[in-house]
Amino acid sequence: MDINEILNRAKGAQAQALASLHEMEEKAETLASSSCPKSDVPLRDTASQEAEQIAANAQRQVEILGQVFDAQTMTQMAANQEQLQQMMDQRMAEAAAMSAEAAMSQLFGEDMGVLAAALETLAMEGDEEGLGFDEEEETAASLYALLDETMARLEALPEPTSIEFGRDPALWGRFGILLSGIVSTLNDHRLDGLDVEEHIPVLEQQVLSVVRRSWGIDGRSGLLETIRYLTQGGYTERYRFYCEAESPEELMTGDEDEDDREGVVRAWAFAQHYKEHYSPAFMTGWDVGRAAMLARWGSYLGWITPEEAQGILWDLAQRAAGDLGGWREFAQSYLFGGLMWKLLCNSPAAGYLGYLADAATTLLMGKADGSGGQWRDFPWPARRKLGFTL
């Protein structure tokens, strides 16, 4: 059998596995869209059946490919299969103790609480009631008060004393990665290096789904275009325009629907309320934090090289260090931008602010189990003296 036949069979097996993953995602979306599931037992049963079917299919593929590949290759495949099975077993065990919605989030990585307005709204519907807010009660005054109170709590948290980074590329590289800390924490991503997860097909598909559905990005050009927008304008410029506008009508093109118009009005009122307290530069954390996450996602998915991602993170690190004074201010900036975004989307925002604040607190304080604390353990770069250049 020639090498082309071997490659064709391998591609066929890969296509079958990806088709199974897409089918599982579609079923996950259907289940998550149900507003009042009767019980979480059927979900767990379905998830168990899906996992068992995947395992059976994988075993059959191994048996078929065993007739094609040599013993060494099959040994490596078996090791990969065992690693994947261990990961699935862990996810299933965690899901067994969860509610239906949370179980789907853990199994399929769609617990956004992060980026896409529609997905965030779905994930947070059950949590905002517990926070004492619902959509009808989210007046501008109540959201501004919540933002101010949350930012004050963050300001009271300890953080390490800033230090000079000088020209040390290792320090700047680590700092750039940690700028993605809030989104990484919300998504349970790694923060110990450039890669957000291990390179396992299931996790790669999960990250790809997040980037596609949350940002509408499907490749290199879209990724670089979005990063360019965030670094050259983003919400920093949008907030400036909204602060300078005499009325929300100045910001409309005439193509908006009723929901879009309401979002513009809410975001304009937000900018007018805060423009005397926060300059456009205060939006830096919101733009930089998301751009840093996109750079890491892009590198992980192979859309940009690690060297390109490191170059992007270097530039983001310089901007963050120049505009903001520490991790607490960075977190406050992220919440500030996040609220304006939710208002512009005309979406509920109280629960979202809670998610962001919890992530920032984990980064600054750590958890009881010893996880988190990445910002606590790494100081913010001290502002450079006048005339010093890298």
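Mentor: Helices here are DSSP runs of H or I with at least four residues, and strands are runs of E with at least two, numbered from the N terminus. The model is predicted, so local features need pLDDT of at least 70 and side-chain atom pairs count only at pLDDT 80 or more, while totals for chains, interfaces and linings use all residues. Residues are numbered from 1 along each chain as its sequence is written, and side-chain values use heavy atoms, with hydrogens and water left out.

Trainee: Where does Asp 188 lie?

Mentor: Asp 188 belongs to the loop between α8 (181–186) and α9.

Trainee: What is the phi of Asp 188?

Mentor: Most residues other than glycine have a negative phi. Asp 188, which is not a glycine, has a positive phi near 55 degrees. Asn 346, also not a glycine, has a positive phi of about 55 degrees; it lies in the loop between α15 (327–344) and α16 (350–365).

Trainee: Is Asp 188 buried or exposed?

Mentor: Buried means under 20% relative accessible area, exposed over 50%, and partly exposed in between (1.4 Å probe, protein chains only). Asp 188 is exposed because its relative accessible area is 58%. Asp 259 is partly exposed, because its value is 40%, and its place is in helix α12 (residues 258–274).

Trainee: How many residues has helix α9, and which are buried?

Mentor: The expected span of a helix is 1.5 Å times one less than its number of residues. Helix α9 (residues 201–215) has 15 residues and reaches 21 Å from its first C-alpha to its last, close to the 21 Å expected. Its buried residues include Val 202, Leu 203, Val 207 and Ser 214. Just after α9, Gly 216 takes a positive phi of about 70 degrees.
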